[in-house]
Amino acid sequence: MTAPTQASRDAVALVSASPNAILLLSAELTVAAASEAWARAFGAARDEVVGHDIRRTLAGSDSLDALVASVRTALRTGEPHQMAPGLFRAASNTDEERHQRLIEVLNTPVRADGEIRWVLQQAREKGAAER
């Protein structure tokens, strides 16, 4: 693994500080950064998400396969991919908090030096009236 560049450290800092529900994934599906809003939307603690594979972080979610397919579509096509709203929960939730949340996700590929290196994930929890 190469040392992070100043630009990648800056990207991580920007995502981490965002008031919006965003996540930065590597092409290998490892979470590089997550905003507190993203962690809250998915019912996770940010420190339990960053550095882990998204499949581990959201294990047990009904829509995990659809999310992974959406990320891979964005990586393959180089275009943003909007997935249908899906049910998610963080694998680390306690038993009483294990309810799933209805969330819509937009995965946008991010290029660096001409290559897709990241996927920026924007999430929005659907309100009770929208379920």
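Select E115 first: its relative accessible area of 46% makes this residue partly exposed (buried is under 20%, exposed over 50%, partly exposed in between, with a 1.4 Å probe and protein chains only). The model is predicted: local features need pLDDT of at least 70, side-chain atom pairs count only at pLDDT 80 or more, and totals for chains, interfaces and linings use all residues. Residues are numbered from 1 along each chain as its sequence is written, and side-chain values use heavy atoms, leaving out hydrogens and water.

D113 is exposed at 72% relative accessibility, while R117 is partly exposed at 34%.

Then go to R55 and D53, a salt bridge with closest N and O atoms 2.5 Å apart. The count of salt bridges is six.

Now switch to cartoon for the sheet. Five strands form an open sheet in the order β2-β1-β5-β4-β3, with antiparallel pairing (strands are DSSP runs of E, at least two residues, numbered from the N terminus; two pair if DSSP finds at least two bridges between them). Select β2 (31–34) and β3 (81–88): these stand at the edges with a single partner strand each, so one side of each has no neighbour in the sheet.

Finish on β1 (residues 22–26) and β5 (residues 115–125), joined by five bridges. Here L25 stands opposite V119 in β5.

Technical notes. Helices (H or I, at least four residues) and strands (E, at least two) are DSSP runs, numbered from the N terminus. A salt bridge is a side-chain nitrogen of Lys or Arg within 4 Å of a carboxyl oxygen of Asp or Glu.
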